[in-house]
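Keep the structure open beside the text as you read.

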Amino acid sequence: MTKTQSSTKSTSTSLSVKRMPITMPTQEPMVPYRAPGSSYDQFIGLQSRQLRDRKLWIARYIDEEASNSIISSLLYLQSENDKEDIKLYLNIPGANLRPALAIYDAISELKADGVKIATTNIALCAGMGSLIAGAGTKGMRYSLPNARFLLQKTGMDQVFRGQATDIALEVRNVKKWNELMNEEISRVTGQSLERIDNDLKRDFYLSSEEAVRYGLIDEVLLPMPGKRTPPSDVVDLGSFQSGSEQKYQGESPSPTEQQQPGAPNQGMFSNGDDDDGPKIAKG
């Protein structure tokens, strides 16, 4: 009788660990908001919260998708209240010609209906972004001190291929749109067409002060002298104090808020709020 001895081979598995870089969250920050007439707060996106304050941020390259979103937001704010101002904060690195002109036309239409639109360049307004910055209501076109403007002629949105006659038609069309853009810049700034055509032969950069002298904006927002003083040891919370405790959607009331049967009425303190401990500001 023959015995067969089987040998078991031990295998080892090595784990490779790759350290990923730490990145900032890409999702939109959420902030608490209490709707009018509601007794609780809910978390909404930061941009949506600012839109409720009639503040619209345009901080992206303007293409067809961005143009549709911006125009729909402007029309919504007009339908909500056509008497209050709309504030636009701009950081536009560039834009396609036709989508940017659609935003420019929408702003012009809102101004014709009596809506005042304030524009503020916070970093850079390049190309058609400079025209949008200057399209605001006269006297309400602002810029931060270190922001810059770039005026330049427009070109083709994409590479154009075809027969020589088709390319010539496209070049003629681009030249026509550049002439139209120069007319709009002249209307916004008050400069002559000859000067604008001469300035836009090359990329024409403007600082905030130069943009005011050029007529593109009206005012440079400078910090108040009092804001540059170092903070004191005692910090005044100011509006962070509130008379009622903040509650969120789905949160059950605390036991102190449920008054026991037969308990005496506490008058102004019947809502169960404690006067010791910090209060949270309502939105």
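The second largest pocket of this predicted model holds about 210 Å³ of space. Around that space you will find Tyr-33, Pro-36, Ser-48, Leu-51, Arg-52, Arg-54, Tyr-76, Leu-77 and Glu-80 as the lining. H1 and H2 are the elements that give two or more residues to this lining.

At least two lining residues come from each of helix H1 (46–52), strand E3 (55–58) and helix H2 (64–80).

Here are the two linings by residue class:

Now to the helix pairing. Two packed helices can be described by the angle between their axes and the distance between those axes. For H2 and helix H3 (residues 97–112), the angle is about 10° and the axes lie 9 Å apart. Angles under 35 degrees count as roughly parallel, so H2 and H3 are roughly parallel to each other.

Which residues of H2 and H3 meet? From H2 come Glu-64, Ser-67, Ile-70, Ile-71, Leu-74, Leu-75 and Gln-78, while H3 brings Pro-99, Ala-102, Ile-103, Ala-106, Ile-107 and Leu-110. Sorted by class, this contact of H2 with H3 has 10 nonpolar, 2 polar and 1 charged residues.

How values were computed. Residues numbered from 1 in each chain as written. Predicted model: local features only at pLDDT ≥ 70, side-chain atom pairs only at ≥ 80, totals over all residues. Heavy atoms only, no water. Helix = DSSP H or I, 4+ residues; strand = E, 2+ residues; numbered from the N terminus. 1 Å grid on protein atoms, 1.4 Å probe; cavity = no way out; pocket = protein on both sides within 12 Å on 5 of 7 lines; lining within 4 Å. Points joined across faces, edges and corners; volume = space filled by probe spheres on them. Axes fitted to C-alpha atoms, helices over the stretch in contact; angles between N-to-C directions. Parallel < 35°, antiparallel > 145°, perpendicular 65-115°, else oblique. Contact = heavy atoms within 4.5 Å. Nonpolar A, V, L, I, M, F, W, Y, C, P; charged D, E, K, R; others polar.
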